[in-house]
Amino acid sequence: MKIVIIGASFAGLSAALECHMLYPEAELIVIDKEMEVGYFPNALNWRLRQEISDWSEARSSLYQEVMRTGANLLLGWEMEKLVPDEKQVEIRQSGKRKSVTYDYLILAMGARQVWDKQSDDLTDKILASKSLRQMAESYEKLDKSEKSVAIVVVGAGQIGLESLEALSQHFSRLTLIEAQKWPLAKYFDKEMTDWIIEELVGRGIECHFSETVNRIHSDPSGKLLLDTLQHCYESDYMVMGTNFCPNTETLESILTIQPDGSLLVDEYLETSQEDIFAVGDLIQLPFAFFGHSYLPMIHHAILTGRLVAHNLVTKERKLTTIERIVSNHVFGKYMTSVGLTEREAGLWLDADSIRVQQAHGSLQDELLDFKLVVEKQSGRLIGGQLLSTSKYTDQMNFLALAISQHLTVQDLVHQSWLYLSDSTGTVSFVLEAAHQYILSKNREE
Ligand SMILES: Cc1cc2nc3c(=O)[nH]c(=O)nc-3n(C[C@H](O)[C@H](O)[C@H](O)COP(=O)(O)OP(=O)(O)OC[C@H]3O[C@@H](n4cnc5c(N)ncnc54)[C@H](O)[C@@H]3O)c2cc1C
């Protein structure tokens with residue numbers, strides 16, 4: 001049996017490992033257009049923040065694990081064409097071309113950051129960081145720049161904020177442009193993010209919320225110009241914290257592609273063609289409350305990469321609905337969001353919330369600020385947002401499970417002996433919030 005995987009990043013490498021475990025006799029070929037693969041895209045920021053001194057420290061362990069399986073890695077080869085009728089892919093490397101046949105094909109080509117509103121070729125001015133090659137180029141540009149170089153960051157999501165945190169340690173003329181009214185607006189309600197705006201302003205970063213960049217071009221001197229309805233911003237470089245586009249352009253008219261550019265797959269991750277599967281940033285996932293949506297993230301890439309291996313020969317494992325959990329680490333604090341925000345929930349139902357804030361630790365200097373979102377009438381858990389100085393993965397995973405089981409605040413409190421504290425011994429803030437919510441409703445009645 002011959003399994004071919006296109007793309008050697010989080011999804012492709014995870015798929016390769018699982019395939020090796022399930023089908024040790026199979027011939028495994030992993031193809032990637034880059035010569036160096038498996039790097040975390042945050043490495044540019046880590047390097048700017050001097051958390052790593054060498055790119056090798058930012059390579060995922062998946063790469064070494066796959067190397068040890070004896071899989072055949074064809075690096076520097078780009079898939080040019082897919083020919084399903086002949087069960088083969090055509091690949092090329094600087095002028096050379098060859099065909100590779102497969103019994104099963106796993107597409108894991110991920111997504112790229114695109115900007116469809118640029119009128120000139122501005123690649124040189126964009127500080128990209130998806131591959132090691134791009135990160136190294138961006139780092140070199142920044143390394144040669146004066147402190148006063150002007151950099152615009154478009155988007156105050158996770159990528160934009162992490163970039164601003166790293167860049168602000170070296171550069172003094174930073175501007176943020178964000179279409180939403182506040183940072184991380186997809187995953188957090190405004191009041192949970194006010195501190196971020198203070199942090200940005202405190203670092204001298206010029207912030208423009210509720211502004212959308214409509215056009216990017218350059219002036220004769222080579223300066224970058226970003227137009228919004230309100231203003232034209234001049235800059236030397238820009239960071240794109242927006243717009244991921246699945247790498248599916250070579251698959252048009254061969255596989256079914258959805259309007260957002262992602263590949264249509266069934267619940268076993270098979271595409272519209274038999275024996276061709278797709279994973280990672282190429283596909284949408286089924287999320288509770290949202291139906292299918294596109295959320296490009298490393299843990300989704302790993303999850304689907306592992307799952308697909310089980311469905312190649314026989315369709316064994318379905319992709320089931322996932323609870324949306326998004327975690328960030330910005331300006332020294334952890335921010336985790338599960339389920340719906342109060343603003344989102346308010347679009348469909350009568351939403352209510354409660355916020356608990358605790359200072360703890362031996363010096364009372366550890367912050368924990370938690371907002372629980374519930375459906376008003378039933379008390380059903382809908383979502384939670386946590387801002388903290390330590391990680392509380394257990395409790396947020398527990399909340400995700402409780403939401404997926406349709407539990408209410410009353411269910412939590414009645415079964416409280418199950419989860420009075422987490423593995424660190426911290427009293428459950430989820431439970432505390434549920435308690436307080438019930439008390440506040442009792443007082444109102
Ligand atoms: C700056 C930045 C920061 C991010 N930070 C986070 C974060 O903190 N947490 C998080 O969860 N997610 C983060 N993401 C998103 C995350 O990088 C992706 O969700 C993840 O990499 C998806 O993995 P993947 O394997 O599906 O695809 P990718 O990582 O995109 O890999 C696709 C691979 O396919 C190869 N390829 C593409 N086309 C071809 C072709 N035609 N032929 C051969 N090879 C091809 C590419 O070279 C690449 O190696 C970040 C993204 C960026 C850009």
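These legends describe close-up views of a predicted model. Local features are given where pLDDT is at least 70, side-chain atom pairs count only at pLDDT 80 or more, and totals for chains, interfaces and linings use all residues. Residues are numbered from 1 along each chain as its sequence is written, and side-chain values use heavy atoms, with hydrogens and water left out.

**View A. Domain layout of the protein.** The domain assignment gives domain 1 (2-34 + 41-112 + 244-309), domain 2 (115-240) and domain 3 (332-444). Such bounds come from an automatic or database domain assignment. Between domain 1 and domain 3, the C-alpha centres lie 36 Å apart.

View B. Strands (E, at least two residues) and helices (H or I, at least four) are DSSP runs, numbered from the N terminus. Two strands pair if DSSP finds at least two bridges between them. Strand 2 (residues 27-32) runs parallel to strand 3, joined by 4 bridges. Within this pair, valine 30 stands opposite leucine 73 of strand 3.

**View C. Helix 1 against helix 7.** Helix 1 (residues 10-22) packs on helix 7 (residues 298-309) at an angle of about 30°, with the axes 7 Å apart. Axes are lines fitted to C-alpha atoms, for helices over the stretch in contact, and angles run from 0 to 180 degrees between N-to-C directions. Helix 1 is therefore roughly parallel to helix 7. Angles under 35 degrees count as roughly parallel, over 145 as roughly antiparallel, 65 to 115 as roughly perpendicular and the rest as oblique. The crossing of helix 1 and helix 7 is right-handed. A crossing is right-handed if the near helix is turned clockwise from the far one by less than a right angle, and left-handed if anticlockwise. From helix 1, the contact takes in Phe10, Ala11, Ser14, Ala15, Glu18, Cys19 and Leu22. From helix 7 come Ile298, Ala301, Ile302, Gly305, Arg306, Val308 and Ala309. Contact means heavy atoms within 4.5 Å. By class, the contact of helix 1 with helix 7 has 10 nonpolar, 2 polar and 2 charged residues. Ala, Val, Leu, Ile, Met, Phe, Trp, Tyr, Cys and Pro count as nonpolar, Asp, Glu, Lys and Arg as charged, and the others, Gly among them, as polar.

**View D. Helix 1 against helix 3.** The axes of helix 1 and helix 3 (residues 61-68) come within 9 Å and cross at roughly 35°. This crossing is left-handed. Phe10, Leu13, Ser14, Ala16 and Leu17 of helix 1 touch Leu62, Tyr63, Glu65 and Val66 of helix 3. The classes are 7 nonpolar, 1 polar and 1 charged.

View E. Strand 13 (residues 224-227) pairs with strand 14 over 4 bridges. Aspartate 227 has cysteine 232 of strand 14 as its bridge partner.

**View F. The hairpin of strand 5 and strand 6.** Strand 5 (residues 88-93) and strand 6 (residues 96-101) run antiparallel, joined by 6 bridges. Arginine 92 stands opposite arginine 97 in strand 6. The hairpin has 2 residues between the strands, and serine 94 takes a positive phi near 25°.
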